[in-house]
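Reader: I would like to learn how to read a model with two chains in it. Could you take me through some features one by one?

Author: Gladly; let us look together.

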Amino acid sequence: MKGTSLSKKQKKNLVRIVCALAAFAAVFVADKIVYLGGVFSGPAAWVFPFCLYLAIYLVIGYDVLWRAVRNIAHGQVFDENFLMCVATLGAFALAIYRGVTGQSIEGFDEACAVLLFYQIGEFFQDYATGKSRKSISALMDIRPDHANLKRGDSIERVDPSEVHAGDIIVVNPGEKVPLDGVIVKGASALDTRALTGESLPRDVAQGQEIVSGSVNLTRQLEVRVSKEFYDSTVSKILELVENASEQKSKAENFITRFAKYYTPAVCAAALLLAVVPGLITSDWSAWIYRALSFLVVSCPCALVISIPLSFFAGIGAASRYGILIKGSNYLEKFDRAKTFVFDKTGTLTRGSFSVVKVSPEANREEILRLAAIAERDSDHPIAKSVKSCYGGAAGGGYTLTNIAGEGISAAKGEEVILCGNEKLMERNGVAYERETGVGTVVYVAKNGKFVGSILIADQLKAETKEVIGQLNGMGCKTVMLTGDNEAIAESVAREAGVTAYKASLLPQNKVEEVEKLLAEKGKKEALCFVGDGINDAPVLMRSDIGIAMGGAGSDAAIEASDIVLMKDDLRGISLAKRIARKTMTIVFENIVFSIAVKVIILILSALGFANMWVAVFGDVGVAVIAILNAMRVNSRYIKGEKRAEPLSAQ
Amino acid sequence: MKKVFKLEDLDCANCAAKMERAVARLDGVTSVSISFMAQRMAIEADEARFDEIMERVEKACRKVEPDCRILR
């Protein structure tokens with residue numbers, strides 16, 4: 001435990017606990033060795049140990065006593081402080097009774113220890129929840145605290161909310177980008193780890209859009225602000241994270257409802273246990289003692305705290321990897337997700353064209369060079385992909401003629417290059433080799449002789465196969481929806497490995513398809529829709545869980561979805577699935593474990609096998625173990641990952 | 001109207017649940033969610049009487065957990 005991580009109040013409590021524990025140990029050992037009851041003889045012999053233990057009791061428990069008095073005045077009978085006080089004061093009273101009636105002097109240590117351990121447990125709970133909160137608020141570090149607003153030649157340091165769209169701001173190296181905008185001057189590298197979990201810096205240059213919350217690393221940038229602060233990415237994300245715990249899971253609701261009945265029920269049982277057997281056997285002190293143990297076990301907080309703590313840790317762990325989950329309920333539901341519906345373009349595929357095949361491969365350089373010459377002036381996506389694949393500068397001096405619906409011809413002196421589709425080849429009588437791959441084919445001919453063809457298609461993302469494979473391996477159904485024609489859809493679906501696909505869908509058909517799938521799935525299963533969040537808001541809303549990819553750029557996506565992958569990387573889905581699984585396993589363990597231990601201890605105390613020491617374990621021990629278990633949620637999910645503290649720049 | 005308030009010194013998870021139940025019962029409150037972990041209360045209530053409702057919310061919370069303060 002680092003001293004710096006404790007609050008003032010916690011430090012004070014820690015000192016109090018340590019002192020009380022030391023004093024208690026001293027008195028306890030002294031009692032065992034010299035028997036304090038024997039120090040003074042006579043009927044008042046009990047007073048000496050009583051005073052020692054009472055002093056420690058008051059040091060450690062004065063606040064609990066005070067709260068008990070105050071809360072009972074408000075009519076809070078089932079208040080934890082009150083129950084603890086009744087139990088411990090009752091134990092003291094029993095011990096005094098024993099002393100007065102001349103029986104052996106014992107039981108003071110127990111009364112004192114119960115409250116001492118209760119306080120230790122409370123301290124630990126406080127520490128654990130505080131630490132967990134801090135790990136989330138470290139994420140909140142993305143909140144920018146100022147913006148450097150440019151007014152004429154001077155630069156003014158203002159609050160980000162005072163900057164308006166259209167203003168120019170200056171972002172110095174080491175500073176957070178306070179608002180979304182477009183770079184108007186300068187080039188630099190940005191660290192987006194706090195937003196996306198991506199550890200590699202991103203190079204940005206003039207004209208590019210940058211999002212708030214990232215950190216400028218190397219050089220000064222001038223940025224034209226495109227959105228007001230409340231509309232910027234950073235505000236949307238903070239709002240989302242802060243609201244996340246309002247959406248409660250079923251497990252949380254179950255445990256609070258359970259606690260609502262549990263405490264009164266156990267207290268009633270305690271009352272019965274004291275009175276009924278007491279009347280029958282008239283061995284009042286034994287049965288009252290057992291009833292007091294019941295009161296100790298009846299405290300509900302241990303039970304209640306571990307569940308929200310687990311979910312909180314799960315949401316926190318996910319956010320470290322750039323996965324934002326909008327509520328505990330979605331984490332719970334996501335664990336039951338069995339059907340994954342993917343949009344094709346931009347989700348499974350890159351959403352941009354690229355050259356996938358050049359044939360014959362031996363002529364690759366030459367084919368691409370000729371095509372690049374012909375496509376030199378074109379801005380068509382196909383032309384762009386050819387040019388970017390060629391890389392070098394295309395030779396100039398050609399006269400380019402666009403032949404509508406067929407392609408382009410480029411002429412320089414005797415040399416004529418034809419570049420286009422089959423029709424172009426056929427019309428010019430070129431004997432070409434047909435390319436049968438799925439996608440757009442560009443044929444290239446030079447001086448009437450066929451040179452080769454280029455196949456251009458939208459490619460799968462690098463991680464698509466791996467992620468679909470993992471989801472299929474978990475027994476999930478993976479479905480691809482697309483507006484593309486059957487041939488393209490079939491080929492992409494086969495390559496990606498999805499279990500089913502639907503082609504030629506209009507945007508409104510996608511909602512219908514999702515509704516069909518919703519009707520098909522099992523009652524307890526959930527359906528996820530994964531899209532880029534731009535055109536699929538209705539589908540995201542209709543599905544049980546809407547997942548938007550690449551949220552760092554789009555606030556519309558953040559709004560419409562339930563889980564946001566800040567980084568445009570499908571692996572976030574299988575990662576989130578693992579986090580959800582682990583969280584739910586731990587939640588389940590905690591519920592079963594806490595309730596089972598409490599019930600067992602209740603039974604043992606009722607039968608007289610368990611004393612108050614065991615009872616206090618039933619309250620504090622269980623809480624500590626459940627909390628430690630909950631903290632396991634926040635562990636490493638990627639092998640070999642460096643456990644970097646969330647980014648804290650400035 | 002929906003508003004979110006920060007809660008200070010909300011130290012016990014069960015108290016948060018009790019406070020939530022107490023506030024939910026108040027007249028004029030449409031919905032309320034208290035998050036122990038985030039130390040926040042999101043409350044949706046009749047806009048016209050919001051301040052008056054918040055007075056009663058505060059009172060109800062004080063009764064359950066006097067240490068906890070609603071930051072308004």
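Reader: How many residues does the contact take from chain B and from chain A?

Author: Two residues are in contact if their C-beta atoms, placed from the backbone, lie within 7 Å. Here the contact takes 20 residues from chain A and 15 from chain B. Bear in mind that this is a predicted model, where local features need pLDDT of at least 70 and side-chain atom pairs count only at pLDDT 80 or more, while totals for chains, interfaces and linings use all residues. Residues are numbered from 1 along each chain as its sequence is written, with chains lettered from A and ligands numbered from 1 in the order in which they are written.

Reader: Which elements give two or more residues to the side of chain B that touches chain A?

Author: Elements are DSSP runs numbered from the N terminus: helices are H or I with at least four residues, strands are E with at least two. On this side of chain B they are α1 (13–24), β2, β3 and α2. With three residues, α1(B) gives the most. By class, the side has nine nonpolar, three polar and three charged residues (Ala, Val, Leu, Ile, Met, Phe, Trp, Tyr, Cys and Pro count as nonpolar, Asp, Glu, Lys and Arg as charged, and the others, Gly among them, as polar).

Reader: In what order do the four strands of the chain B sheet stand?

Author: Two strands pair if DSSP finds at least two bridges between them. In chain B the order is β2-β3-β1-β4, in an open sheet with antiparallel pairing. The edge strands, β2 (29–35) and β4 (69–71) of chain B, each pair on one side only. On average, neighbouring strands of this sheet are turned by 30° against each other, direction ignored; axes are lines fitted to C-alpha atoms, for helices over the stretch in contact, and angles run from 0 to 180 degrees between N-to-C directions.

Reader: What joins β1 to β3 in chain B, and what packs on the sheet?

Author: Five bridges join the antiparallel strands β1 (residues 2–8) and β3 (residues 40–45) of chain B.

Reader: Now chain A. Which residues of helix α13 are buried?

Author: An α-helix has 3.6 residues a turn, so residues three or four places apart point the same way. A residue is buried if 20 or more other C-beta atoms lie within 10 Å of its own, with C-beta atoms placed from the backbone. In α13 (residues 381–390) of chain A, the buried ones are A383(A), S385(A), V386(A) and Y390(A). They lie on the same side of α13(A), because they cover an arc of only 165° around the axis (taken from the directions from the helix axis to the C-beta atoms). Their packing partners are β12 (349–359), α12 (364–374), β16 (440–446) and β17 (449–460) of chain A. G391(A) follows α13(A), and its phi is positive, near 85°.

Definitions and conventions
A residue is buried if 20 or more other C-beta atoms lie within 10 Å of its own, exposed if 12 or fewer, and partly exposed in between; C-beta atoms are placed from the backbone.
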